[in-house]
Amino acid sequence: MTLVRDLTRLAVRNLGAHKARSALTLIGIAMGMTAVVALVSLSLGAQRAVERQFAKLGADVVLIVPAGGLGELQPAKLDLSLLKNINGVKSVGAVRREILPVKSSTVPGFLNVVGIRSAGPQELFGGLEIALGKLFALDQDEVVLGDGAARDLNVTVGESVTIQNRPFRVVGILKHTGNDQDDHALYLSLEKLEEITDEKGFISLAFVRAEPTVDPTALAQEIQRVLRESVPERDFVVQSSKQLSEIINGVLLVLRWTLGAIAGISLLVGGIGLTNTMLMAILERTHEIGVLKAIGAQRAHIVALFLIESSLLGLFGGLAGLILGGAIAQSVALAIQQFLRTDLFSTAFDGALIGGSLGFSLVLGALAGAWPAWRAARLTPVEALRYE
């Protein structure tokens, strides 16, 4: 233990004797680690955000979307009774989005109006939750506002808004979700939205909850078969929430490995620079190595000395890269949140990432210094003492 402590002190002193070279080597390692940490942290944060959203949705949900995706301006016609009659279906809900003229007593404009048909009185699709007031009644001209819509229209619970010249009483305001599209929308029953638009049977998205004993993936396949036979003129994409989560996570995993590999190239360059630094150190300290061997240092001691030096360089470079990479990732996440006006996106900067980054940089330093350390240990005392 005393020997290791003495070798560590000697290694630190040697690094301090060549501050400029040590600093440049640290920068090379730090730059590579910064890129790796920032990219991995951001991709992990995106994956966990997706997982949180699907956790709110529920693992037993099957989604039915008109082909072309949620971005279509016009909802598609679908008879929900087709879905209700399929074996294994517990409940059926639907969402329809329209952009309609909305005004309060002081503010006019156009906003997203979302009609919802849910399985129960407390269920709002996508994990939306009431912050103030209550949920709208299905048979009343009542509406719930996203918190952003409430601010836009300058109204609160108990006041009224007009949707396409029809008055509705505001009975609730939703909790902030961080999704701009949801926060700046008005929510009412699907039946009331159909009355306003005078168009029935149209949906932007339908969602089915499976019976507890039914596999949602198998149910999704059965729904797809029924829709193809019953609605041949229109294609629908049917996926369980588990399938969608797996697809998105798979894409994010490939993206993370790809970005990590690209960033790893710069880290590899930093490791090569560290190897070069240690080789130069051997040439400059050949006489010192001869003195150490002459006074009884063994090959293992010389190897340990140079491995400790390279490992410390890798560790300190990794620590600097970890701090800088975390700061960059957090800055990018905050910028995205401000630009997209959402707090759904975040970074994943946890113990596993910290420990893995520091451990990897330490191992990288040791590997980069292994060959120089082996070369230093092979020097004979006589040759080393004669070296100028």
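**Salt bridges in the predicted model**

Arg-225 and Glu-229 join their side chains in a salt bridge, with 3.0 Å from N to O. Here a salt bridge is a side-chain nitrogen of Lys or Arg within 4 Å of a carboxyl oxygen of Asp or Glu. This is a predicted model, in which local features need pLDDT of at least 70 and side-chain atom pairs count only at pLDDT 80 or more, while totals for chains, interfaces and linings use all residues. Residues are numbered from 1 along each chain as its sequence is written, and side-chain values use heavy atoms, with hydrogens and water left out.

Both Arg-225 and Glu-229 belong to helix H7 (residues 216–230), where they sit 4 residues apart, about one turn of the helix. Helices (H or I, at least four residues) and strands (E, at least two) are DSSP runs, numbered from the N terminus. Arg-225 is partly exposed at 38% relative accessible area, and Glu-229 is exposed at 57%. For these terms, buried means under 20% relative accessible area, exposed over 50%, and partly exposed in between (1.4 Å probe, protein chains only). Elsewhere, salt bridges with shared partners connect Asp-141, Arg-166, Lys-192 and Glu-195 in one network.

Asp-141 is partly exposed at 27% relative accessibility, as is Arg-166 at 23%.

A further salt bridge pairs Arg-96 with Glu-98, their closest N and O atoms lying 3.0 Å apart. Arg-96 is buried, at 0% relative accessible area, and Glu-98 is buried at 12%. The structure contains 12 salt bridges.
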